Amino acid sequence: WGSQHAERWIWLHGIDFEQAQDAWLDVAVARIALGGRLSPWLASGAIALDGRRMRLGGLLKRGLRVAETPQRCSLQIPGERGLSVEAHVEAPAGAAAGWRYADPGGGEHEVINCSVSALSLVVRRPGEAARTLRSAHGGAYELGLRERDHGVPIAPFADD
């Protein structure tokens, strides 16, 4: 994240899709504090499908939608040349781990991470039928946030 953590972030990684074993997804979505205000959600990442790596997100891309909780997340991510990926991830009950990240400039964020999440994607490309990919446990979902009332126990060690 550079010299400072984003104010709020999501990292989503996916592999082991039943419908396309060679496919993968890797995307970071963040809100950044700028002059005391939060930016809209910004996304950057890629999806690999059918032997092609395609970019997702970018500063000028419109249509990004985000709904997140510590247990689940839904994203609508625009991509290159009309590509769109809808992602839904859900952490199994009790499978998320929590810890604290020290911020480079002081303060801290709490981080919730589940590396065995269920993940489904709907991939839309111009001129092609929508394609659904599912992974029962190949999703890694991380949410960085400042709230402390999220219900996930935080590991008892410091991030010095």
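Predicted model: local features only at pLDDT ≥ 70, side-chain atom pairs only at ≥ 80, totals over all residues.
Residues are numbered from 1 along each chain as its sequence is written, and side-chain values use heavy atoms, with hydrogens and water left out.

**Cysteines**

- A disulfide is a covalent bond between the sulfur atoms of two cysteines.
- The structure holds zero disulfides, where a disulfide is counted as a pair of cysteine sulfur atoms within 2.5 Å.
- C73 counts as buried, at 3% relative accessibility (buried means under 20% relative accessible area, exposed over 50%, and partly exposed in between, with a 1.4 Å probe and protein chains only).
- C114 is buried as well, with a relative accessible area of 1%.

**Salt bridges**

- Side chains of opposite charge can pair when their charged atoms come close.
- There are 15 salt bridges in the structure, each being a side-chain nitrogen of Lys or Arg within 4 Å of a carboxyl oxygen of Asp or Glu.
- One of them joins R100 and E110, whose closest N and O atoms are 3.1 Å apart.
- R100 lies in strand β10 (residues 97-102) and E110 in strand β11 (residues 108-124), so this pair ties together parts that are 10 residues apart in sequence. (Helices, H or I with at least four residues, and strands, E with at least two, are DSSP runs numbered from the N terminus.)
- R100 is partly exposed at 29% relative accessibility, whereas E110 is buried at 2%.
- Another salt bridge links D103 with R146, again with the closest N and O atoms 3.1 Å apart.
- D103 sits in the loop between β10 and β11, and R146 in the segment after β12 (131-145), so the pair ties together parts that are 43 residues apart in sequence.
- D103 counts as buried at 6% relative accessibility, while R146 is partly exposed at 37%.
- R125 and E128 also meet through their side chains in a salt bridge, at 3.2 Å from N to O.
- Of these two, R125 is buried at 11% relative accessibility and E128 is partly exposed, with a relative accessible area of 45%.
- R125 and E128 belong to a network of salt bridges that links them with D50 and R131.

**Around E68**

- E68 lies in strand β7, which spans residues 65-68.
- The side chain of E68 makes a polar contact with the side chain of R8, at 2.7 Å (a polar contact is a pair of N or O atoms within 3.5 Å; within protein, one must be able to donate a hydrogen and the other to accept it, and residues adjacent in sequence count only if both atoms are side-chain atoms).
- Leaving aside neighbours within four places in sequence, E68 is in contact (heavy atoms within 4.5 Å) with R8, I10, W41, C73, Y141 and L143.
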